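Please open the structure in a viewer and keep the selection tool at hand.

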Amino acid sequence: LLDGIGRNDRMSLARAITIVENDLPGSAELLRGLTPGHAHVLGFTGPPGAGKSTLINAFLRHVIAMDKQAAVVAVDPTSPFTLGSLLGDRLRMAEHFNSESVFIRSIASRGTLGGLSGRIIEITDVLRSAAFDYIIVETIGVGQTEVEIAGLADTTIVILVPESGDDIQAMKSGIMEIADIFVVNKSDRAGADAFANSLRTMAESRSGDEWEIPVINTVATEGNGIGELFEKISLHRHSAGFTEKHIHLLTEKVYQLIRNNRMKDLDREELKKRLAKAARHSGFNMYAFAESYPG
Ligand SMILES: Nc1nc2c(ncn2[C@@H]2O[C@H](COP(=O)(O)OP(=O)(O)O)[C@@H](O)[C@H]2O)c(=O)[nH]1
Ligand SMILES: [Mg+2]
């Protein structure tokens, strides 16, 4: 399977992702065997309906024209029980669905906090081991998700629309910390330039950073502004390195991994048996029991 992943073999990729997404047998071994390649990981985040999928679609057209290869992971932003939005994303990107140079995968959000799939890091790591030039992760931006996506991606693109002014106030600090590039999509609508300017002012006030956050106006449905976006994305890759936000996400993730490893030997049935005995005694104290377990 690892061989197949390295060759961008579609079947191998699809299987490997299913294995790590569902934590099937072999998942841990697979993850341990991964060797990251040179892909540029792009996070596309922003409110629902901002045009993320449409923008990615337009971006993919560029990727294909340049003879590059890309993988897309779309996290279903809505409830894990509705197939509708999943299909919606697939249909929107259908133009590239059968292209040799594009691999698209939709995953359910599983209702994890912030809407990001608990396994998105693992899935992205599988794709990193393949031979893609770009790995694009589409997520809906809500609180926690933004921090996660920022740690995951080499370049985080925050997509907003001219009407996003109020949202900005609400998520101001978070969004400022994670954005490497701002896109004002739907710039065919009124107020786009004014909004872009106020974003620019906010971006400039972010201090202590070498990278000046660009604000790009796009009309994703027409493909306008995509060339500039492509350019800034490449520029960002060469100017930025491994940052504080990457360390932050890595710490969270490895903390989880260590905890899971330590809990591996804890047998629930055995615990139940012992509890059944201990709890009958008068004066049973749950906290003392837990602290001295297995004792
Ligand atoms: N007017 C206009 N509509 C757009 C533009 N980009 C996307 N849309 C439309 O906005 C809707 C939501 O787009 P979608 O890509 O699904 O947004 P997502 O939820 O952020 O992925 C669709 O009906 C798109 O056709 C744009 O630049 N201008
Ligand atoms: Mg979408």
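**A helix across the sheet**

Select helix H9, residues 192–204: this helix lies across S5, S6 and S7, and runs at about 170 degrees to S7. Please bear in mind throughout that the model is predicted.

Keep S5 and S6 in view. Strand S5 comprises residues 155–160 and strand S6 residues 181–184, and the two pair in the parallel sense over four bridges. To inspect one of these positions, select Ile159, whose bridge partner in S6 is Val183.

**The whole sheet**

Now display the strands together. Seven strands form an open sheet with parallel pairing, and their order is S3-S2-S4-S1-S5-S6-S7. Why is one side of S3 and of S7 left without a neighbour in the sheet? Strand S3 (102–107) and strand S7 (215–217) stand at the edges and each has a single partner strand, so one side of each remains without a neighbour. From one strand to the next, the twist averages 20 degrees.

**Strand S2**

Select residues 70–75, which form strand S2; six of its six residues are buried. Both faces of the strand are covered. On one side, Ala70, Val72 and Ala74 are buried, and on the other, Ala71, Val73 and Val75 are buried.

With S3, strand S2 pairs in the parallel sense over six bridges. With strand S4, residues 134–140, S2 is joined by five bridges, and these two strands also run parallel. Centre the view on Val73: this residue stands opposite Arg105 in S3, while its bridge partner in S4 is Val137.

Select Thr124, which is found in helix H6, residues 120–128. Is Thr124 buried or exposed? Its relative accessibility is 0%, and therefore Thr124 counts as buried.

**A patch on the surface**

Finally, switch to a surface display and select Leu250, Val254, Leu257 and Ile258. These residues form a nonpolar patch on the surface, with about 320 Å² of accessible area together. Leu250 is found in helix H11, residues 244–263. Its relative accessibility is 45%, so Leu250 counts as partly exposed; the term covers values between under 20%, which is buried, and over 50%, which is exposed.

Note on methods
Residues are numbered from 1 along each chain as its sequence is written. Chains are lettered from A and ligands numbered from 1 in the order in which they are written. This is a predicted model: local features need pLDDT of at least 70, side-chain atom pairs count only at pLDDT 80 or more; totals for chains, interfaces and linings use all residues. Side-chain values use heavy atoms; hydrogens and water are left out. Two strands pair if DSSP finds at least two bridges between them. Axes are lines fitted to C-alpha atoms, for helices over the stretch in contact, and angles run from 0 to 180 degrees between N-to-C directions. Contact means heavy atoms within 4.5 Å. Patches are made of residues with over 30% relative accessible area and no salt bridge: like charges are joined within 9 Å, nonpolar side chains (Val, Leu, Ile, Met, Phe, Trp, Tyr) within 5 Å. Accessible areas come from the Shrake-Rupley method with a 1.4 Å probe; for residues, only the protein chains shown count as cover. A salt bridge is a side-chain nitrogen of Lys or Arg within 4 Å of a carboxyl oxygen of Asp or Glu. Buried means under 20% relative accessible area, exposed over 50%, partly exposed in between (1.4 Å probe, protein chains only).
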